[in-house]
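Here is a friendly walk through one protein model, written for someone who likes to think about side chains. Have a look at the structure first, and then read on.

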Amino acid sequence: MTTTEAAEMGDETTTYTVDDALTSMGFGKFQALVLGYAGMGWVAEAMEMMLLSFVGPSVQSEWDLSSGKESLITSIVFAGMLIGAYSWGIVSDNYGRRRLEIRQVVEAKYLGLNNKTAKLSAERKERIMLPDYTDDHNRTFSIGEFLHHPSGVESLLNTKALQSFQLLDSNTYRCSLQKIEFLNFEVSPVLDLRVIPTSNDCTIEMLSCKFEGSDALEQQNNLFSAFMRNHITWDSNGPEPCLDVDVKLNVALEVHTPPFNLLPLSTIEVPGNLIMQGLIDKLVPLLGQQLLEDYHNWVEQQLKLA
């Protein structure tokens, strides 16, 4: 019964339907926050289901299980849900959900003391053919000359994709990536990169990777560390001038959240390595192509100045 119908019937007590209550409350920041937290809860639940597809083969290999026992890993999860959802629902109705939630958080914190460190790695080698840039006076504009130029350094840092970058010392730069915003959270990855060009090669090293933004996300900085090394060499005098790129990325991730810290590290490292390798395989060719475009634009500028 709606409020209008209740008034027309002369009821002394005004009643609200669920729709009336939701309409009167409206939709504001609090509702958006609740929606965000509930959405993250469903995301975590979906991740748990997806994790089963990685856990099975990894645990089977780690513990030398048979195919039948490996199948039980997935089945036992749903069996636990069937029993747990029914039994804990009864307990929550009798003792209160708040008390049980607090106990769950305390137990999760205690189990979280059993921390592990997952080590992820990926690498990619790429060979890029170099064009021959020689002007009418037989002057050659080599790739080494370009990489020593400020325009070459900016190309190596890919400053076009950055929100900002600043020089910390003679060859170290702080690069802030574009800010990402979601509900009340915002984060901007900040990288400290060192660029060391020589006459024969150029090395880019990632000294640190941190998150800046919301406090909850900045706290994650203590749970991981990352190191990247990009070694670039070139041969401009051979029959086919080329540029060789060798990228190595290593990430150490602290695993402290149940149930992940109770699983073998391979259940995290195997899918993590696959994701990182896919990312490197996608980015390195794109960055190489961007480097060639910036190299071409720099040569054209030099020709105009000449």
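## Salt bridges

Eight salt bridges are found in the structure, where a salt bridge is a side-chain nitrogen of Lys or Arg within 4 Å of a carboxyl oxygen of Asp or Glu. One of them pairs D244 with R127, with 2.7 Å between the closest N and O atoms. D244 belongs to strand β8 (residues 242-255) and R127 to strand β1 (residues 116-129), so this pair ties together parts that are 117 residues apart in sequence. Helices and strands here are DSSP runs numbered from the N terminus (helices: H or I, at least four residues; strands: E, at least two). D244 is partly exposed at 24% relative accessibility, while R127 is exposed at 56%. The cut-offs are under 20% relative accessible area for buried, over 50% for exposed, and partly exposed in between (1.4 Å probe, protein chains only).

K160 and D294 form another salt bridge, at 3.2 Å from N to O. K160 sits in the loop between α7 (150-157) and β2 (162-167), and D294 in helix α9, so the pair ties together parts 134 residues apart in sequence. K160 is exposed, at 63% relative accessibility, whereas D294 is buried, at 12%.

## Around D192

The side chains of D192 and R174 also meet in a salt bridge, at 2.8 Å from N to O. This pair links distant parts of the chain, with D192 in strand β5 and R174 in strand β3 (residues 172-177), 18 residues apart. D192 counts as buried at 11% relative accessibility, and R174 as partly exposed at 34%.

Beyond its neighbours within four places in sequence, D192 is in contact (heavy atoms within 4.5 Å) with L168, Y173, R174, E205, M206, L207 and S208.

## How the model was read

This is a predicted model, in which local features need pLDDT of at least 70 and side-chain atom pairs count only at pLDDT 80 or more, while totals for chains, interfaces and linings use all residues. Residues are numbered from 1 along each chain as its sequence is written, and side-chain values use heavy atoms, with hydrogens and water left out.

## The chain as a whole

The protein chain contains nine helices and eight strands. Of its 306 residues, 29% are buried. Among contacts between residues at least 6 apart in sequence, 58% join residues at least 24 apart.

The accessible surface comes to about 20,400 Å², and carbon and sulfur atoms account for 58% of that; areas come from the Shrake-Rupley method with a 1.4 Å probe, and for residues only the protein chains shown count as cover.

## Annotated spans and a leucine patch

An unreviewed UniProt entry places the feature "transmembrane region" at residues 32-52 and 72-91. UniProt positions follow the numbering used here, feature names are shortened, and annotations may be inferred rather than shown by experiment. In the model, residues 32-52 are 100% helix and 0% strand, with end C-alpha atoms 31 Å apart. Residues 72-91 are likewise 100% helix and 0% strand, with end C-alpha atoms 27 Å apart.

On the surface, L279, L283, L286 and L287 make a nonpolar patch with about 350 Å² of accessible area together. Patches consist of residues with over 30% relative accessible area and no salt bridge, like charges being joined within 9 Å and nonpolar side chains (Val, Leu, Ile, Met, Phe, Trp, Tyr) within 5 Å. L286 is in helix α9 (residues 266-305) and is partly exposed, with a relative accessible area of 45%.
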